[in-house]
Number of protein chains: 2
Amino acid sequence: MPDTEGTLAERLLAGDRRALARAISLVEDDDPEGWALVREVYPRTGNGAVIGFTGPPGVGKSTLLAAMTKIERARGHSVGVLSIDPSSPFTRGALLGDRIRLSDHFLDPGVFIRSMATRGALGGMSEAALQAALLMDAAGRDVILLETVGVGQAEVDIIDHADTVVLVLMPGSGDSVQALKAGVMEIPDVIVVNKADHPLTDTMVREIRGVLSLGPRGDWRIPIVQTEAVRGEGVEELAEKLDQHRAFIDAEGTLSDRRRRNLMNEVLAIAAARMRRELEASVREDPAVKELLDRVVSRELDPASAATTILERSVA
Amino acid sequence: MPDTEGTLAERLLAGDRRALARAISLVEDDDPEGWALVREVYPRTGNGAVIGFTGPPGVGKSTLLAAMTKIERARGHSVGVLSIDPSSPFTRGALLGDRIRLSDHFLDPGVFIRSMATRGALGGMSEAALQAALLMDAAGRDVILLETVGVGQAEVDIIDHADTVVLVLMPGSGDSVQALKAGVMEIPDVIVVNKADHPLTDTMVREIRGVLSLGPRGDWRIPIVQTEAVRGEGVEELAEKLDQHRAFIDAEGTLSDRRRRNLMNEVLAIAAARMRRELEASVREDPAVKELLDRVVSRELDPASAATTILERSVA
C-alpha cells in the first residue's frame, strides 16, 4: 500500500507501518494532530494483548523481548515493542546498546519496534507512551510488549497499563527482592529470573519464593520462570505462562476490571501531568511567581503558603 | 518546661520535644493548624544540617542512622531523625523491625525520632515529610537525618531536600549499581557500602568506582565509605566525609544554590500534590466524571479527551 493513500488514521487502522511510526512521532512531539488521531482510532483499540516487562537495568529485558518476539512471530502474531528509556545526562549509551538485541527483527514487517526516552519524573512520558501503545493496538498489533526500566515505584505508571506485568530479575538482583519483600515494589503477575546459567540462580529463586509466600494468596499463583534469553532457553515456558495468565484473567473477568482501573488511572495521570506542566510553565514565566520563590528562599514565606498563592493565581 | 506554657509555636521554637511531636502530628494529619504553625516558625528554619540517606531496603540504613546519631551526640549536637516508611498492604513488619535499632536513643532528650508512613505515590507524603523536617529545623535540631527507602527515582522527591545526599548500598546491591550506571538513579554526594565484612565488598566498591568514573567530573569527588554500622565501624569516617561535603558546598556557595533549587521544587511538589488530590476527589464524587470514565472503558471516548474534559470542568 503506498504511503499517500487515505488519511493517516485510515492507513494506521489498515496496519501501515509508516503511518504508525508517523502517528507515534506526533504523539511524542505533543502535536495536537497526534491527540486527534488517538481520539479517532480509539474505538478500534482493546484487541491487542498488552504485556509489560519491568525490572532493573542490566537484567536482559531487551534480549528477552527479542526472544519473546521470535516466539510470537512463529505463532503468526504481529508484534509491537515499545521500550521506555530512562533519560539521564549521565550515561545514555548503556541502554541504547541493548536495543541492538532487537535488530534481528528490524526487517520483519510483522514487528514494529519503537524506543521512547523519558522526559523527567512527572513529565509527559508515560502520557505519550500510553498513547503510543494505543496506536499500536489500533494498528492491529496482536501482541504489544512494553518495556520499562524500574526498580521502585517510579515506572509503575506505565507498566500498570499492561494486562499482564512481568518482573525480570537476574541472580544478583538482591535489591529488587528486598524491595518486593518490603512492599516497596508491586507484586507482578509473572517473575522471570534471566541469566539463569549463573551459579546463584537457585538461591535467587528460593529467595523470591520465600518473599511470595509472605504475600496475600490470590487465586493466581505467580510463576517464577528461569530463562537464558540470549540462547532462547526458557522463553517458550514464559510464553506458556503468559498465555495461562491471560486465560486466567479472561475467565475470571478480571481482565475487564483491570482495564477499567488502568484506563481510569490513565485519565488521571494525563490530567495530572497536564496540570503539572501548566504549573511549571507559569512558574517559569510569571515574574510574580519568581518573586514568591525569592521570598521562600529568604525564609519570609513558607513553601506551603507559596504553593497556595500560586494555585490561587493559576485558578483565577 | 511544662507542656502548657506558651503557644505551640513558642514551645516548638524553644526546642520542646512534645511540642515538636504534636506539631508533626498536625502536619501529618493535614490539619490546617499544622500548616499555620509551619508558616509561623518558617523564618527560624535553615540552621540545621539536613542529611538524606537513601538506598534499597535491607542494606542497614536504620542501623547506620543509629550509629551516626551516636557520633553527632558525642559531638554535642542535637539530632532529629525522620524515617519514611513505604506503605504497602504486603508486609508492614519488615521495615518496622528496623526502627528498633534506634531504640538506644529513645531516652535521650537530644534525639528526636519520628517515622512517617508513605501515603501513596503522589499523595501527601513528601509534602508532610518536608514540613516535618522544617519543624525539626525550627525546633533547633543541629542535624536532621532523613531516611527514605528507594531504588529508583520515586523517593528523590524527599531526599532532594537534603543538603547532602548519602546513598547506602551493601554487597549484593547489583540492581542499584546498574541503576546508577544506567542513569536511572541520581548520583549522590557520598556512597556508603554497609555490611562491609561481606567477602564481596571489594568487588562492589570496584564496581561503584567504575560507574562513577563514567560520570561527569565535578569538583566534589564522591567518596565511597565502607561501614559495618552494626559494630560502628567506618561511621567516624562517614561523619568526616559528611563534614567535608558540607564545608565544600559552603565554600563553593553551592549550599545556597542547592537550597534555592530544593525550596523551589518543594513549592512545586506541594502545589502539584494538592492539585492531584483535588482532581482525585472530584473524580470520586462527580457523577459526570464517572460517566466520562464509563465512556472511556467502552472505548467511545479516548483517555486524553476525557482528561481534557475533566480539567475544563474543574477549572470552570
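Two residues count as being in contact when their C-beta atoms, placed from the backbone, lie within 7 Å. Keep that cut-off in mind, and keep in mind too that what you are looking at is a predicted model. The contact draws 68 residues from chain A and 67 residues from chain B. On the side of chain A that touches chain B, two or more residues each come from helix H3 (32-41), helix H5 (93-99), helix H8 (174-181), H11, helix H12 (287-297) and helix H13 (303-315) of chain A. H11(A) gives the largest share of that side, 15 residues.

How do the two copies relate to each other?

Now zoom in on H11. Two packed helices are described by the angle between their axes and the distance between the axes. For helix H11 (residues 254-285) of chain A and helix H11 (residues 254-285) of chain B, the angle is about 145° and the axes are 10 Å apart. From H11(A), the residues making this contact are A:Leu268, A:Ala271, A:Ala272, A:Met275, A:Arg276, A:Leu279, A:Glu280 and A:Val283. H11(B) brings B:Leu268, B:Ala271, B:Ala272, B:Met275, B:Arg276, B:Leu279, B:Glu280 and B:Val283. As for handedness, H11(A) passes H11(B) in a right-handed crossing.

Next, step back to a whole chain. Chain A has 13 helices and 7 strands. Its 316 residues include 49% that count as buried. Among the contacts in chain A with a separation of 6 or more, 74% are between residues 24 or more positions apart.

Where does the nonpolar packing centre? The largest nonpolar core has 175 residues, and A:Leu135 and B:Leu135 touch the most other members. Leaving out residues up to four places away in sequence, A:Leu135 touches A:Leu12, A:Leu20, A:Ala23, A:Ile24, A:Val27 and A:Val38.

If you want to pick them out, they are A:Gly174, A:Asp175, A:Ser176, A:Val177, A:Gln178, A:Ala179, A:Leu180 and A:Lys181. Just after H8(A) comes A:Gly183, with a positive phi of about 80°.

The other is helix H4 (residues 61-74) of chain B, with 14 residues. From its first C-alpha to its last it reaches 20 Å, close to the 20 Å expected at 1.5 Å a residue. H4(B) is mostly covered, with 10 of its 14 residues buried. Among those buried in H4(B) are B:Lys61, B:Glu72 and B:Met68. Following H4(B) is B:Gly76, whose phi is positive, near 85°.

Glycines aside, a couple of residues in chain B have positive phi as well. B:Asp30 has a phi near 60°, a positive value in a residue other than glycine. You'll find B:Asp30 in the loop between helix H2 (17-28) and helix H3 (32-41) of chain B. B:Asp30 is partly exposed, with 14 other C-beta atoms within 10 Å. B:Arg299 is also a residue other than glycine with a positive phi, near 65°. B:Arg299 sits in the loop between helix H12 (287-297) and helix H13 (303-315) of chain B. With 14 C-beta neighbours inside 10 Å, B:Arg299 counts as partly exposed.

Last, some spots away from the core story. Is B:Leu107 buried or exposed? B:Leu107 is exposed, because it has 7 other C-beta atoms within 10 Å. B:Leu107 belongs to the loop between helix H5 (93-99) and strand S3 (111-117) of chain B. From B:Leu107 to B:Ala139 is 32 residues in sequence and 18 Å in space, C-alpha to C-alpha. B:Ala36, in helix H3 of chain B, counts as partly exposed, with 16 C-beta neighbours inside 10 Å. Between the C-alpha atoms of B:Ala36 and B:Ile187, 151 residues apart along the chain, the separation is 35 Å.

Technical notes: Residues are numbered from 1 along each chain as its sequence is written. Chains are lettered from A and ligands numbered from 1 in the order in which they are written. This is a predicted model: local features need pLDDT of at least 70, side-chain atom pairs count only at pLDDT 80 or more; totals for chains, interfaces and linings use all residues. A nonpolar core is a set of buried Ala, Val, Leu, Ile, Met, Phe, Trp, Tyr and Cys residues joined through C-beta atoms within 7 Å. A residue is buried if 20 or more other C-beta atoms lie within 10 Å of its own, exposed if 12 or fewer, and partly exposed in between; C-beta atoms are placed from the backbone. Helices (H or I, at least four residues) and strands (E, at least two) are DSSP runs, numbered from the N terminus. The expected span of a helix is 1.5 Å times one less than its number of residues. Axes are lines fitted to C-alpha atoms, for helices over the stretch in contact, and angles run from 0 to 180 degrees between N-to-C directions. A crossing is left-handed if the near helix is turned anticlockwise from the far one by less than a right angle, and right-handed if clockwise.
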